[in-house]
Structures are given as structure tokens and as C-alpha cells.
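Please look over the sequence and the model shown below, and then read on section by section.

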Amino acid sequence: MFNVQEFHSPSPEEIAAANNTDFEVRSLDTMCVNESQLQHPWWYNLKYAAVGLLFGIAFVKAEIVSWFRIQEMFRLQSFHMYGVIGTGVVLGAISVWLIKRFKVKTIYGEQIEFHPKKFNRGQIFGGTIFGLGWAMTGACPGPLFAQIGSGAFVIGVTLLSAIGGTWLYGYFRERLPH
Amino acid sequence: MELLSKPWPWWAAGIIIGLIVPALLILGNKHFGLSANLRHACAACFPANVKFFKYEWKKEVWNFFFVGGIIAGAIIASTLLANPEPVKVVPELAAELQTYGITDYSGMVPNQLISWESLFSLRGFIMLVLGGFLVGFGSRYAGGCTSGHSIMGLSDLQWPSLVATIFFMVGGFIMANLILPHILML
């Protein structure tokens with residue numbers, strides 16, 4: 001549904017209308033705007049489960065999902081989390097640079113696409129709100145799932161609450177400052 | 001095996017997380033971002049005619065598979081690869097936590113704080129329910145979480161992601177140092 005505009009050249013009026021009413025649904029989105037045209041059976045998704053599996057193991061084994069490690073990070077008592085995120089960003093940045101530089105394609109031969117993120121004040125307000133919750137629960141959305149997997153089933157309540165928070169954001173979105 | 005079951009050093013996890021970015025891109029043009037799943041869950045279960053949730057969530061099922069893998073990985077890590085030792089914590093933090101009655105380091109989360117019993121206490125309810133709410137609301141408001149902004153966005157040198165990351169840290173520092181001690185006293 002988000003690609004409709006891309007298939008014809010929109011008139012300036014259309015662009016203006018889209019910008020006003022559809023208050024940048026796209027740029028706030030983390031979902032793919034570069035949808036693949038390929039149709040695959042469901043089990044093709046299992047490769048993402050395999051990547052997730054490795055990620056989940058690392059999450060728990062390096063104690064990134066530990067409430068204690070997060071407390072240490074925000075009290076500047078340990079280098080651990082800074083090391084994890086720093087290494088991740090450096091390797092990720094080198095990878096992205098290489099992909100762009102050598103125009104690496106996906107395993108299905110499709111062009112890998114990147115989309116610039118647009119600044120809005122949500123990154124300030126929402127970012128701060130998120131940070132408050134992160135230090136409280138000791139988990140961002142990924143570790144929430146890993147904490148449940150590691151046996152803390154009560155975190156299921158936290159997860160439901162997070163989904164509720166996302167829903168309320170969606171509901172009040174037009175009225176919030178961005 | 002013993003090497004695997006000991007807690008992994010920061011660089012091992014950093015390398016794996018960093019390589020998730022190109023892995024997802026090369027496997028199918030997917031952008032690393034976990035909080036999107038919370039939105040997809042809303043879109044799938046209760047869109048309620050809210051425009052923000054009216055999209056074809058089925059095109060994003062790959063991310064549910066990714067999360068399924070994370071849960072399975074966490075189960076493996078805490079059973080087959082479990083570390084029998086309690087979580088090591090710096091002495092300053094341990095001393096502080098003791099004043100709140102947190103002395104059990106056997107799990108990834110403090111059992112005295114995050115458990116079914118404590119869910120029905122004021123302290124536990126705030127931690128679990130309000131904490132989760134802030135994570136869900138804030139990450140969507142910010143347009144992403146630690147994975148989408150701090151890892152994927154920074155890897156792609158997106159400055160709005162740097163802004164988001166800075167404010168994640170601002171919020172975290174405020175909570176951990178200024179607000180959380182009062183909540184933990186409850």
C-alpha cells in the first residue's frame with residue numbers, strides 16, 4: 001500500500017496532500033518500503049529464524065538481556081554494554097559501507113536498498129520515553145523476547161504492556177508533537 | 001563446550017550483532033529492527049481502524065520468524081549452554097541493590113524484583129507494567145529502538161538515529177540514577 005505513489009509521477013498537489021495527511025507514515029516506519037516483488041513459500045522465512053537463533057544465544061550468553069548489565073551501563077559502572085553496542089555499530093557500518101561500495105545484491109539477486117531516516121521531534125521525546133523504560137525493565141524490545149525465552153515468563157506481561165504502549169501511540173499519533 | 005557455557009565477552013556478542021545487519025540485508029533486503037514487531041502485533045491482532053496499523057502486516061512476517069528464533073536461541077542458551085554460576089555484578093551495584101533487598105543473582109533478571117509474586121506489589125507492577133508501556137510507546141514514537149536506530153540506523157550513518165540513540169541514553173541515565181532508586185525503595 002505504501003508503494004502506490006512510486007508507480008506514477010505524483011503531481012505537486014498530490015505530494016503536498018500526501019505530506020500533510022499521511023504525516024510521514026513512511027519515514028517513521030521501520031517496515032520495508034522496498035518491498036520485494038518475489039513471492040516465496042512461508043518456509044523461506046526460516047532463514048530469518050536461524051539468524052534470530054544465533055542472536056538469541058548471543059543475547060543470553062553475553063548477558064545483554066540481563067537487568068544487571070543494563071543497570072551497570074546506565075551507572076557507568078561497566079564497559080560491557082558499550083563494548084557490545086560499539087563493536088556492533090562498527091562492524092555494521094563497515095558491512096553497510098561494503099554493501100554500498102560493491103553494490104552487493106541479495107541472495108536472490110535483488111538490489112539492496114537503504115532509505116534515509118527523516119528527523120522529527122519524536123526521536124527526542126520518544127527516545128527519552130524509551131530510555132526511561134529501558135532502564136526500568138532492563139530490556140529493549142529484542143531482549144524482552146529473550147528474557148521470556150530464558151525463563152522469566154512474567155516478562156510476558158511486560159511484553160503485552162509494550163504492545164499496549166505501541167497501540168496507544170498509534171491511536172494518539174496524530175495529536176502528538178513530531 | 002565449557003568455553004560456550006561461560007558468559008561470553010562483549011566483543012563476541014558485538015561481532016554477532018554487527019553481522020546481523022549484513023546477514024538480514026543479504027538474505028532478503030531486510031532491515032534490522034525489533035520494535036517493529038510490536039507494531040505488527042497491533043496490526044495483526046487489533047488494528048481497530050487506526051490508520052497507523054492499517055497495512056499489510058503479512059509482508060512483515062519474516063520479523064516474527066526472527067523473533068521466534070530469538071526466543072528459541074534464548075531457551076538453548078539458558079538450558080544447554082547454561083552458566084551454573086550466578087550473574088557477576090560490580091560490587092558498587094551489588095551494595096546498592098542490597099539496600100533494596102535485591103540479593104539473588106541466579107537469573108538474567110532479579111527474581112526478587114521481577115516475578116509473578118512481585119507483579120502484585122506496587123514496586124513490581126510499576127517495573128513490569130509501566131516499564132513495558134514506556135518501552136513500547138517510546139520506541140514507536142522514536143521510530144525505532146536500540147536495534148533499528150542504535151545498530152541499523154547508526155550503521156547506515158543516519159543522523160536522526162544518532163539523535164534517537166542519544167536520547168535513549170538520556171532517558172536511561174535519568175531513570176537509573178534519579179528515578180529508579182525511589183521506585184526500588186517502595
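## Overall build of chain B

Chain B contains nine helices and zero strands, and reading along its sequence gives the pattern α-α-α-α-α-α-α-α-α. The model described here is predicted. Along the principal axes of chain B, the C-alpha trace extends over about 50 × 45 × 30 Å.

Of the 186 residues in chain B, 51% are buried. Among the contacts in chain B that have a separation of 6 or more, 48% are between residues 24 or more positions apart.

## Confidence in the prediction

The mean pLDDT of chain B is 94, and 100% of the residues score at least 70. Within chain B, confidence is lowest in helix α1 (residues 2-5), where the mean is 82, and highest in α9(B), where the mean is 97. For the complex, the predictor gives an ipTM of 0.95 together with a pTM of 0.89.

Where pLDDT is low, predicted coordinates should not be read in detail.

## Two domains in chain B

The domain assignment divides chain B into domain 1 (1-82) and domain 2 (113-186). The C-alpha centres of domain 1 of chain B and domain 2 of chain B are 18 Å apart, and 10 residues of domain 1 of chain B are in contact with 10 residues of domain 2 of chain B.

On the side of domain 1 of chain B that touches domain 2 of chain B, α2 (10-28) and α3 (36-45) of chain B each supply at least two residues. The largest share of that side, three residues, comes from α3(B). By residue type, the side of domain 1 of chain B that touches domain 2 of chain B divides into six nonpolar, three polar and one charged.

## Helix α7 of chain B

Helix α7 of chain B covers residues 122-142, and because a helix should span 1.5 Å a residue, its 21 residues should give 30 Å; the end C-alpha atoms are 28 Å apart, which agrees with that expectation. The helix α7(B) is mostly covered, with 15 of its 21 residues buried. Just after α7(B) comes B:G143, which takes a positive phi of about 80°.

## The contact between chains A and B

The contact between the two chains takes 109 residues from chain A and 116 residues from chain B. On the side of chain A that touches chain B, at least two residues are supplied by each of α3 (46-61), α4 (67-74), α5 (80-101), α6 (122-137), α7 (141-149) and α8 (155-172) of chain A. The residues of the side of chain A that touches chain B divide into 60 nonpolar, 38 polar and 11 charged.

## A closer look at B:V163

One residue of chain B that meets chain A is B:V163, which touches A:F119, A:Q123 and A:I124, leaving aside residues up to four places away in sequence. Within its own chain, B:V163 lies in helix α9 (residues 159-185) of chain B.

Is B:V163 buried or exposed? B:V163 counts as buried because 20 other C-beta atoms lie within 10 Å, and the cut-off for a buried residue is 20 or more. The C-alpha atoms of B:V163 and B:G153, which are 10 residues apart along the chain, are separated by 10 Å.

Note on methods. Residues are numbered from 1 along each chain as its sequence is written. Chains are lettered from A and ligands numbered from 1 in the order in which they are written. This is a predicted model: local features need pLDDT of at least 70, side-chain atom pairs count only at pLDDT 80 or more; totals for chains, interfaces and linings use all residues. Two residues are in contact if their C-beta atoms, placed from the backbone, lie within 7 Å. Helices (H or I, at least four residues) and strands (E, at least two) are DSSP runs, numbered from the N terminus. Ala, Val, Leu, Ile, Met, Phe, Trp, Tyr, Cys and Pro count as nonpolar, Asp, Glu, Lys and Arg as charged, and the others, Gly among them, as polar. A residue is buried if 20 or more other C-beta atoms lie within 10 Å of its own, exposed if 12 or fewer, and partly exposed in between; C-beta atoms are placed from the backbone. The expected span of a helix is 1.5 Å times one less than its number of residues. Domain bounds come from an automatic or database domain assignment. pLDDT is the predictor's confidence in each residue, from 0 to 100.
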